[in-house]
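Please consult the sequence and the structure shown here.

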Amino acid sequence: MTEDKNKKTEKTLKINGVRGMNDLLPADAGQWAHLEHVLRDLTRAYGYEFLRTPIVEATAVFQRGIGEVTDIVEKEMYSFEDRLNGEQLTLRPEGTAAIVRSVIENNLIYEGPKRLWYTGPMFRHERPQRGRYRQFHQFGIEALGFAGPDIDAEIILMGQRLWDELGLKGVRLEINSLGQADERSAHRIALVSYFEKNAAALDEDSQRRLQTNPLRILDSKNPAMQGLIEGAPQLLDFLGEESLKHFNAVQTLLKANNIPCKINPRLVRGLDYYNLTVFEWVTDELGAQGTIAGGGRYDPLIERMGGKAAPACGWAMGMERVLELMKVSGSLPDAAPGCDIFVLHQGGETLTAAMIIAERLRSAGIDTILFCPPDGQSASFKSQMKKADASGAAYAVIIGPDELAKNEAQIKDLRGTGEQRSVALEEVLEQVIDALVGSSE
Ligand code: ATP
Ligand code: MG
């Protein structure tokens with residue numbers, strides 16, 4: 001039987017990426033680099049230090065850290081058993097639990113509080129849609145070992161500064177207080193009795209959570225449940241003096257810094273570890289995925305993860321959603337500028353000379369692309385010149401056999417006058433620097 005040469009066999013069929021996990025394409029790399037640059041400056045401005053944890057952790061880190069009865073742990077984690085030693089592992093779905101694990105393991109707050117930040121990919125098995133992916137990227141900050149409302153306010157100010165810096169439009173701050181465990185217990189009794197009276201209106205998830213974690217019902221995204229949730233008893237009405245004092249102090253500091261915020265009594269956040277202040281930044285510009293960042297205080301977490309009890313707070317933002325909002329707000333930077341110099345040649349000895357010149361330029365800090373023919377042989381100057389134009393380079397350096405015979409190269413202006421002139425090979429670097437400095441003046 002003769003095989004159809006064009007027919008793809010199993011061995012040559014193309015293999016696609018995993019659904020909901022995206023490539024970062026070169027065309028978008030400049031936007032990400034810009035965002036990352038702004039984030040680095042922001043963390044430096046407030047004295048936050050970088051901490052990078054592994055992408056894989058023991059599953060227990062998230063089970064204990066995030067809480068068993070949460071969307072993430074119940075249905076969104078990529079968990080697997082290590083085939084070689086049977087360890088239960090999970091691709092991290094968020095940053096905080098792992099940061100706390102590392103802080104405890106490395107004794108990072110032994111000598112006092114610490115301000116930390118992180119960034120990187122997170123993994124959640126959700127239904128992919130605009131602004132919701134299975135691999136997405138977060139930037140987050142954590143302030144560990146601080147108890148007062150000052151640090152709650154500081155991390156919120158950082159967020160506001162970031163949105164301003166990025167030129168985001170239409171971002172609102174919503175804030176709430178979850179109080180302390182005893183206050184939540186009292187509220188829980190009222191909440192359960194309210195939902196039990198309306199049990200028929202609860203969806204399946206909520207009926208289950210009524211027994212396990214009724215506060216989580218308030219976090220439901222089911223539109224059919226929103227009316228019921230509106231009428232539920234509010235945790236704010238159950239807060240004692242201390243919790244209210246903390247909440248009011250945060251609001252006073254925000255007000256003094258001209259940060260508008262709206263109290264949203266139903267804001268509970270999707271993770272179990274929060275207490276006192278919780279907040280989210282939301283926008284109407286991104287459709288259903290309107291939360292760009294969220295966080296709050298998580299005083300119980302460090303002890304719960306096996307460390308010595310210490311207060312903490314932080315927030316995390318979704319980088320894809322922020323970039324999308326920058327696009328909607330018209331504040332994305334222009335595409336990254338191209339190289340400075342494009343070097344053309346005709347192969348053989350002219351290639352050798354061109355490569356030496358290109359290296360010399362790069363050593364002087366000049367971004368240089370050397371033409372490499374796709375067929376590994378050679379290409380006409382005409383087709384090379386098209387590539388030079390498309391590269392964004394300001395000047396082309398041309399070395400053909402005629403030039404090389406005279407120990408010369410040509411320098412051609414690609415953006416301005418189009419002027420082309422001969423220079424001695426030894427002088428190419430000097431001439432290129434003069435030209436680049438001249439054209440940037
Ligand atoms: P949502 O309510 O949209 O599911 P969340 O409460 O689960 O968000 P957090 O755990 O607070 O989200 O994560 C912080 C931020 O990370 C979110 O505000 C959002 O911007 C981003 N984020 C969360 N899940 C995803 C995802 N699957 N894809 C893209 N970004 C996400
Ligand atoms: Mg979620």
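How many nonpolar, polar and charged residues does the shell around ligand 1 have? In this predicted model, the shell comprises six nonpolar, four polar and six charged residues.

**Surroundings of ligand 1**

Ligand 1 is surrounded by 16 residues, of which Arg 124, Glu 126, Arg 132, Lys 221 and Arg 269 are the closest. At least two residues of the shell come from each of the strands β6 (135-144), β10 (291-297) and β11 (312-318). Strand β10 makes the greatest contribution to the shell, namely three residues.

| Residue | Polar atom of the residue | Atom of ligand 1 | Distance |
|---|---|---|---|
| Tyr 133 | backbone | nitrogen | 2.9 Å |
| Lys 221 | side chain | oxygen | 2.6 Å |

Taken alone, ligand 1 exposes 580 Å², and the protein buries 93% of that area.

**Gln 410**

Gln 410 belongs to strand β15, which covers residues 408-413. Is this residue buried or exposed? Gln 410 counts as buried because its relative accessibility is 16%, below the 20% limit for that class. The side chain of Gln 410 forms a polar contact of 3.1 Å with the side chain of Glu 403. Leaving aside residues up to four places away in sequence, Gln 410 touches Ala 396, Val 397, Ile 398, Glu 403, Gln 420, Arg 421 and Ser 422.

How values were computed
Residues are numbered from 1 along each chain as its sequence is written. Chains are lettered from A and ligands numbered from 1 in the order in which they are written. This is a predicted model: local features need pLDDT of at least 70, side-chain atom pairs count only at pLDDT 80 or more; totals for chains, interfaces and linings use all residues. Side-chain values use heavy atoms; hydrogens and water are left out. Helices (H or I, at least four residues) and strands (E, at least two) are DSSP runs, numbered from the N terminus. Buried means under 20% relative accessible area, exposed over 50%, partly exposed in between (1.4 Å probe, protein chains only). A polar contact is a pair of N or O atoms within 3.5 Å; within protein, one must be able to donate a hydrogen and the other to accept it, and residues adjacent in sequence count only if both atoms are side-chain atoms. Contact means heavy atoms within 4.5 Å. A residue is near a molecule or strand if one of its heavy atoms lies within 4 Å of it. Accessible areas come from the Shrake-Rupley method with a 1.4 Å probe; for residues, only the protein chains shown count as cover. Ala, Val, Leu, Ile, Met, Phe, Trp, Tyr, Cys and Pro count as nonpolar, Asp, Glu, Lys and Arg as charged, and the others, Gly among them, as polar.
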